[in-house]
Each structure stands twice: as structure tokens, then as C-alpha cells.
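Subject: The structure for you to look at

Hi there,

Here is the structure I promised to pass on. Please open it alongside this note, and I will walk you through what turned up.

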Amino acid sequence: MNSRVIQTLILKDWRLQRTQILISVAAGGVALAVLQLKSETAFLIGTVWFFVALIVLGSMLPVSNVINERKKQNLPFLMSLPISALQYAIAKMASTLGLFLVPWAALVIAASTLVMSRGDIPKGIVPLMFILFGLPLVGFCLIAATALVSESEGWAIAATILCNSWYGLAWYFIIRNPAINRDLNSPVQVWSPAVLTILAGEAAAVALILGLTFYLQSRKREFV
């Protein structure tokens with residue numbers, strides 16, 4: 001595997017997308033600042049804004065980092081480099097996933113620190129938070145995989161619409177789950193079997209999507 005070329009491609013993507021990453025982190029930071037106002041309205045607005053920042057980033061990044069490369073006719077040049085299609089897929093998925101994970105992790109850590117430091121927020125909400133944090137990650141992986149495998153803006157948009165429509169429904173059923181809902185006001189974190197099952201399902205979904213992406217990409221015979 002030509003690791004030097006792959007590293008160069010990853011760094012190239014990071015340079016091109018750094019502004020988008022900084023904007024998403026700033027938006028999430030503003031949302032967390034709103035949460036500091038300690039009112040019910042501020043809590044609602046800050047929470048919604050926080051997840052909107054993650055969802056928008058997860059929706060836009062695959063298109064800007066994957067689809068636009070083909071639209072700008074950069075892909076023929078890249079495939080002329082000494083790398084295979086699978087190696088290109090690894091580089092592109094690694095850069096795209098990393099571009100999302102850095103602001104995602106930063107915002108998750110910041111939000112978790114805020115909740116743990118606030119005495120007026122029940123700690124029983126923390127497991128639910130991590131479940132909700134995982135949903136944009138799964139959605140992002142699905143959109144990125146669709147964009148990379150299909151190389152089609154239409155399919156990427158369809159995956160984005162599907163994921164963005166699914167978030168609200170998923171949140172509704174998760175929060176309404178009695179096994180999760182009963183522990184939300186607990187003064188301590190409760191990692192119940194229901195919580196661990198959902199978290200394991202999200203992790204399995206991410207692994208399955210990434211594995212299937214590399215498998216389908218490796219079977220391609222035409223790339224440009």
C-alpha cells in the first residue's frame with residue numbers, strides 16, 4: 001500500500017475542509033454557551049442547535065469532500081496516481097471520517113463536561129445523551145458510504161434526506177422507551193441493558209457500513 005500517497009490525499013482533504021470544520025465547532029460552541037443560561041428555553045434552544053450543528057456537518061461533509069471531487073474532475077487525476085481503488089477509498093473514508101470525528105468528539109466531550117459540572121441537571125440523562133450523540137455518527141457514515149460507493153450526488157442527497165428524516169423518529173422512540181425514560185431524572189448515571197444494547201447497535205451499524213463500503217469499493221472495475 002502506498003502510504004505516502006494516501007497520507008498526502010488525507011492531508012489535502014483536511015486543508016480543503018478546515019473552514020467547514022471550524023464553523024461547525026463554533027456553532028456547537030455557541031449552542032453550549034446558550035445552555036449556560038440555565039433556563040428551560042435556553043436548554044431547549046441550545047440542545048436543538050447543538051444537534052443541528054452535528055447533523056448539518058454530517059450531511060454536508062460527504063458531499064463537499066467526496067462528490068465535489070468528481071464534479072470538479074479531480075478523480076481522473078487522482079486515479080492516475082500509484083494507488084488502487086481500494087486504497088483511494090481508504091484514504092477518502094479516513095479523511096472524511098476524521099473530519100467528522102474531530103469536531104464530533106470535541107463537542108461530545110464539551111457537552112458531557114457541561115452536564116457533569118452542572119448540579120441542576122440530573123446525571124441520569126448522560127446515557128441518553130451518548131445514544132443521541134451516536135445517531136449523527138451513524139447517519140454520517142451512511143451518507144459518506146453512499147457518496148463514496150455511488151459517486152452520485154443524487155444518491156448522496158437521497159441518503160441525506162433519509163437520515164435527516166429518521167433522526168426525529170429515532171429520538172422519539174428512544175426517549176419514549178420506558179427502560180430509558182425511567183432513569184432520566186436519576187442523580188447518577190444508569191447504564192441499563194437497554195442503553196447498552198442501543199449503543200452496541202450503533203457501534204455495530206458503523207462497523208457494518210464501513211466494512212460494506214470497502215467491500216463494494218474493492219469490487220469496482222470502473223472508477224472514473
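Let me start with one serine: S95 counts as buried because its relative accessibility is 0%, where the cut-off for buried is under 20%. Please keep in mind throughout that this is a predicted model.

S95 sits in helix α4. A polar atom of the S95 side chain lies 2.9 Å from the backbone oxygen of K92. Leaving aside residues up to four places away in sequence, S95 touches I10, D13, W14 and N65.

Stepping back to the whole chain, you will find 8 helices and 0 strands, so the pattern along the sequence reads α-α-α-α-α-α-α-α. The protein chain has 224 residues, and 47% of them count as buried. Among contacts with a separation of 6 or more, 79% are between residues 24 or more positions apart. The chain exposes about 11500 Å², with carbon and sulfur atoms supplying 70% of that area.

The largest pocket holds about 630 Å³. Its lining is made up of 25 residues, and those closest to the pocket centre are F43, T47, F51, I125 and L132. Two or more lining residues come from each of α1 (3-35), α2 (40-71), α4 (85-117), α5 (126-150) and α6 (153-176). Helix α2 gives the largest share of this lining, with 7 residues. What kinds of residues line the largest pocket? They divide into 20 nonpolar, 2 polar and 3 charged.

There are also cavities to look at: searching the whole structure finds 2 of 30 Å³ or more. The second largest cavity holds about 30 Å³. The residues lining the second largest cavity are G124, P127, L128, A179, I180, D183, L184, V190 and V195. Helices α5 and α7 (178-181) each supply at least two residues of that lining. By type, the lining of the second largest cavity divides into 7 nonpolar, 1 polar and 1 charged.

After that, you could turn to S95 in α4 and look at the K92 backbone oxygen, 2.9 Å from a polar atom of the S95 side chain.

Definitions and conventions
Residues numbered from 1 in each chain as written. Predicted model: local features only at pLDDT ≥ 70, side-chain atom pairs only at ≥ 80, totals over all residues. Heavy atoms only, no water. 1 Å grid on protein atoms, 1.4 Å probe; cavity = no way out; pocket = protein on both sides within 12 Å on 5 of 7 lines; lining within 4 Å. Points joined across faces, edges and corners; volume = space filled by probe spheres on them. Helix = DSSP H or I, 4+ residues; strand = E, 2+ residues; numbered from the N terminus. Nonpolar A, V, L, I, M, F, W, Y, C, P; charged D, E, K, R; others polar. Buried < 20%, exposed > 50% of the residue type's maximum accessible area, 1.4 Å probe, protein only. Polar contact = N/O pair within 3.5 Å; in protein donor to acceptor, adjacent residues only side chain to side chain. Contact = heavy atoms within 4.5 Å. Areas by Shrake-Rupley, 256 points an atom, 1.4 Å probe, with all protein chains shown as cover.
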